[in-house]
Amino acid sequence: VGHALFERYRIRDDDPLSARAEIRHVATTRRGDWALRIETRTRLSATPRRFRLQAELKAYEGGVRIVSRRWDRSIRRDGL
């Protein structure tokens with residue numbers, strides 16, 4: 001069993017809407033000849049009226065990709 005995690009957060013001092021978050025994660029499981037790897041990537045940003053959430057998932061069994069999905073969502077910011 002193993003995993004790797006990368007997180008990056010950025011923002012400019014004079015611009016709150018420049019804030020960005022990105023998280024990448026890789027999880028692995030192996031037993032004998034069986035091996036599974038799951039990779040995810042998530043990004044979050046904002047505009048004055050909306051949040052934008054982008055995500056990606058890939059799953060591999062024995063080095064062969066068995067699942068691949070992407071999401072790109074825009075979420076209205078309440079109270080604005």
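The legends below describe close-up views of a predicted model.

Residues are numbered from 1 along each chain as its sequence is written. In this predicted model, local features need pLDDT of at least 70 and side-chain atom pairs count only at pLDDT 80 or more, while totals for chains, interfaces and linings use all residues, and side-chain values use heavy atoms, with hydrogens and water left out.

**View 1**
Helices (H or I, at least four residues) and strands (E, at least two) are DSSP runs, numbered from the N terminus. Read from the N terminus, the elements follow the pattern β-β-β-β-β. Along the principal axes, the C-alpha atoms fill a box of roughly 55 × 25 × 15 Å. The radius of gyration of the protein chain is 17 Å, whereas a compact globule of 80 residues would have one near 12 Å; the radius is taken over C-alpha atoms, and the globule rule is 2.2 Å times the number of residues to the power 0.38. Of the 80 residues, 12% are buried (under 20% relative accessible area; exposed is over 50% and partly exposed in between, with a 1.4 Å probe and protein chains only).

**View 2. The open sheet has 5 strands in the order S1-S2-S3-S4-S5, with antiparallel pairing.**
S1 and S5 (64-76) are the edge strands; each has a single partner strand, so one side of each is left without a neighbour in the sheet. From one strand to the next, the twist averages 5° (axes are lines fitted to C-alpha atoms, for helices over the stretch in contact, and angles run from 0 to 180 degrees between N-to-C directions). Two strands count as paired if DSSP finds at least two bridges between them.

**View 3. Strand S1 (residues 2-12) pairs with strand S2 (residues 15-31) in the antiparallel sense.**
The pairing covers 10 bridges. A hairpin of 2 residues connects S1 to S2. Glycine 2 lies opposite threonine 28 in S2.

**View 4. S2 and strand S3 (residues 34-46) run antiparallel and are joined by 11 bridges.**
Their hairpin has 2 residues between the strands, and glycine 32 takes a positive phi near 60° there. Across this pair, glutamate 22 stands opposite arginine 43 in S3.

**View 5. S3 and strand S4 (residues 50-61) also run antiparallel, with 11 bridges between them.**
Arginine 41 faces glutamate 56 in S4 as its opposite residue. Glutamate 56 is buried, at a relative accessible area of 16%. Lysine 58 forms a salt bridge with glutamate 56, and the closest N and O atoms are 3.3 Å apart. A salt bridge here is a side-chain nitrogen of Lys or Arg within 4 Å of a carboxyl oxygen of Asp or Glu.

**View 6. Glutamate 22 and arginine 24 form a salt bridge, with the closest N and O atoms 3.2 Å apart.**
Glutamate 22 is buried, with a relative accessible area of 6%, whereas arginine 24 is partly exposed at 37%.

**View 7. Arginine 37 and glutamate 39 meet through their side chains in a salt bridge of 2.8 Å, N to O.**
Arginine 37 is partly exposed at 29% relative accessibility. Glutamate 39 is likewise partly exposed, with a relative accessible area of 24%. Elsewhere, salt bridges that share partners join Arg8, Glu22, Arg24 and Arg41 into one network. By the salt-bridge rule, the count comes to 9.
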